[in-house]
Amino acid sequence: MKLKDLRFMVMLSVVLLTALNAVGDNQQEIQQLEIERHLDSVFNSSSLVSLPYFSTHITEFDMKTAADTLGVELAAIKAVIEIEAGYAHRGIVSPGIPIVFFQRAVFLKKAAKNNSDLTQARKLYPELFSTGTSSKPRVYHHYDLLQKAMKVDPVAAVESTFWGMFQIGGFNWKRCGAGSPEEFAFRMSMSEKEQFRFFIKFIQHGGMLDSMRQKNWTRFAAVYNGPGYQRRQYHVRLAEAYKKHKSNSL
């Protein structure tokens, strides 16, 4: 196993280990310190130590801070959150387990391009090569596939998955301000606040900030949601959500 792959698997093990022992606020504080120590040892960096507790949700204050940071209306931020994250604003299934959408075909293509051993992978993880259904709930099924894909090609796995409450593609990890795909996956697994921070940076560096400032929802949706935005009426839904939140703020 390559050093990078080993580092990535150690990082994920830390997330899952601390998640399983999450009990009470005092325990969360202990886990936070433990995570920071592990991060220092795994990444040899102090840039990742200021992370929030597991499953911390975004608040009105967070949304206001994001609006002020980006120089956009709070109603615009709320509109995008409503359409992209849903009313529940849910991005974490349980501590350490983010909502993910794993794209099998994209992963296999990327892994092949990276010269990963797909012959061996087919023997060990046949689920990655099958389009069959699963008895598990959808979110856990995709997370399970992601975990198996990470053992084959961690970078391809991260980049072939849509992450968190805003379903940001892992291939955007640089635009989100992450230093590596590993850091992106780790922070996306930490909390909804971390997912929100990545979302803010994604808007800022992904060519969508001017569209949000101008409330040009067609252009915004075309970038954020891709060519299928018209079919799913993202631009129309965004415009309606903005009008609602604007009206509520008056």
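# Helix packing chat

Modeller: Starting with the contacts in the protein (heavy atoms within 4.5 Å): of those between residues at least 6 apart in sequence, 65% join residues at least 24 apart. This is a predicted model, where local features need pLDDT of at least 70, side-chain atom pairs count only at pLDDT 80 or more, and totals for chains, interfaces and linings use all residues. Residues are numbered from 1 along each chain as its sequence is written, and side-chain values use heavy atoms, with hydrogens and water left out.

Colleague: OK, what does the secondary structure come to?

Modeller: 13 helices and five strands. Those are DSSP runs numbered from the N terminus: helices are H or I with at least four residues, strands are E with at least two.

Colleague: And how much of the protein is buried?

Modeller: Buried residues make up 51% of the 250 residues. Buried is under 20% relative accessible area, exposed is over 50% and partly exposed is in between, with a 1.4 Å probe and protein chains only.

Colleague: Is H7 mostly covered or mostly open?

Modeller: Mostly covered, with 11 of its 15 residues buried. Among them are His 141, His 142, Gln 147 and Lys 148.

Colleague: Switching to packing. At what angle do H3 and H4 pack?

Modeller: About 115°, with the axes 8 Å apart. Axes are lines fitted to C-alpha atoms, for helices over the stretch in contact, and angles run from 0 to 180 degrees between N-to-C directions. On the H3 side (residues 60–70), the contact uses Glu 60, Met 63, Lys 64, Ala 66, Ala 67 and Leu 70, which meet Leu 74, Ile 77, Lys 78 and Ile 81 in H4. By class that contact has seven nonpolar, no polar and three charged residues. Nonpolar is Ala, Val, Leu, Ile, Met, Phe, Trp, Tyr, Cys and Pro, charged is Asp, Glu, Lys and Arg, and the others, Gly among them, are polar.

Colleague: How do H3 and H10 lie relative to each other, and why?

Modeller: The axes of H3 and H10 (residues 192–205) come within 11 Å and cross at roughly 20°, so they are roughly parallel. The angle classes are under 35 degrees for roughly parallel, over 145 for roughly antiparallel, 65 to 115 for roughly perpendicular, and oblique for the rest. Met 63, Ala 66 and Leu 70 are among the H3 residues in that contact, and Phe 196 and Ile 200 are among those from H10.

Colleague: What about H4 and H13?

Modeller: Oblique. The axes of H4 (residues 74–85) and H13 (residues 234–249) come within 8 Å and cross at roughly 130°. Their contact has nine nonpolar, one polar and six charged residues.
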